[in-house]
Amino acid sequence: MFSLTVAAVVFGVIFLAELPDKTALAGLMLGTRYRASYVFAGVAAAFLLHVALAIAAGSVLTLLPHRVVQGVVGVLFLVGAAVLLFKKDDDEEDVATPADQSFWKVSGAGFMMILVAEFGDLTQIMTANLAARYDDPLSVGVGAVLGLWAVAGLGILGGRTLMKHVPLRLITKIAAGVMALLAAFSLYEALAA
């Protein structure tokens, strides 16, 4: 059964975690060179695959005893918070861009860029953790996909404007704080069970 609450929590966590990521900058770069709808189509398809893989991994975790899952999830949330707080800011990375402006070449470039850059990325690990935590693949999947698509849309259409008004450091600290709270809650459940 679909839970709007779970989807909203997952959306918020994934949105905040993905905002400071290099893929938002790469999406911005592709979006300034090519038709935004073409770029978004490829990026959106890649994120859909990215979330499906994460949900599958998280569903496997739910087969373990609840206490073990909560402990693992809590530790991984702490690691995610630490990664966000202590990672060095990346400059815009060079992205191979298609030679022409056809839909298939532009969307293919966006798809491949996200597929490669996001494989095993923090948001994919966080999505797997959330799938294990809530044992609700549909709600977690919808929340994660919408969060990733929202960041991609912002990156492609208006990333520069957002970064002028909201410091990246603040966004990163908020995301790390949310993950630390989720870690504390998961660890508490693991120890109290």
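Okay, let's start with helix 5, where the buried residues are Val106, Ser107, Ala109, Gly110, Met113, Ile114 and Glu118. Their arc around the axis is only 150°, so they sit on the same side of helix 5. That arc is taken from the directions from the helix axis to the C-beta atoms. Buried here is under 20% relative accessible area, exposed is over 50%, and partly exposed is in between, with a 1.4 Å probe and protein chains only.

Before I go on: this is a predicted model, with local features needing pLDDT of at least 70 and side-chain atom pairs counted only at 80 or more, while totals for chains, interfaces and linings use all residues. Numbering runs from 1 along each chain as its sequence is written, and side-chain values use heavy atoms, without hydrogens or water.

Helices, by the way, are DSSP runs of H or I, at least four residues, and strands are E runs of at least two, numbered from the N terminus. After helix 5 comes Gly120, with a positive phi near 75°.

Now, a length check. Helix 5 covers residues 103-118, and its 16 residues should span 22 Å at 1.5 Å a residue; the end C-alpha atoms are 22 Å apart, so that agrees. The expected span is 1.5 Å times one less than the number of residues. Helix 1 has 15 residues and should span 21 Å, which agrees with its end C-alpha atoms being 21 Å apart.

What's buried in helix 1? Val6, Ala7, Val10, Val13, Ile14, Phe15, Leu16, Ala17 and Glu18. Leu4, also in helix 1, is exposed at 65% relative accessible area.
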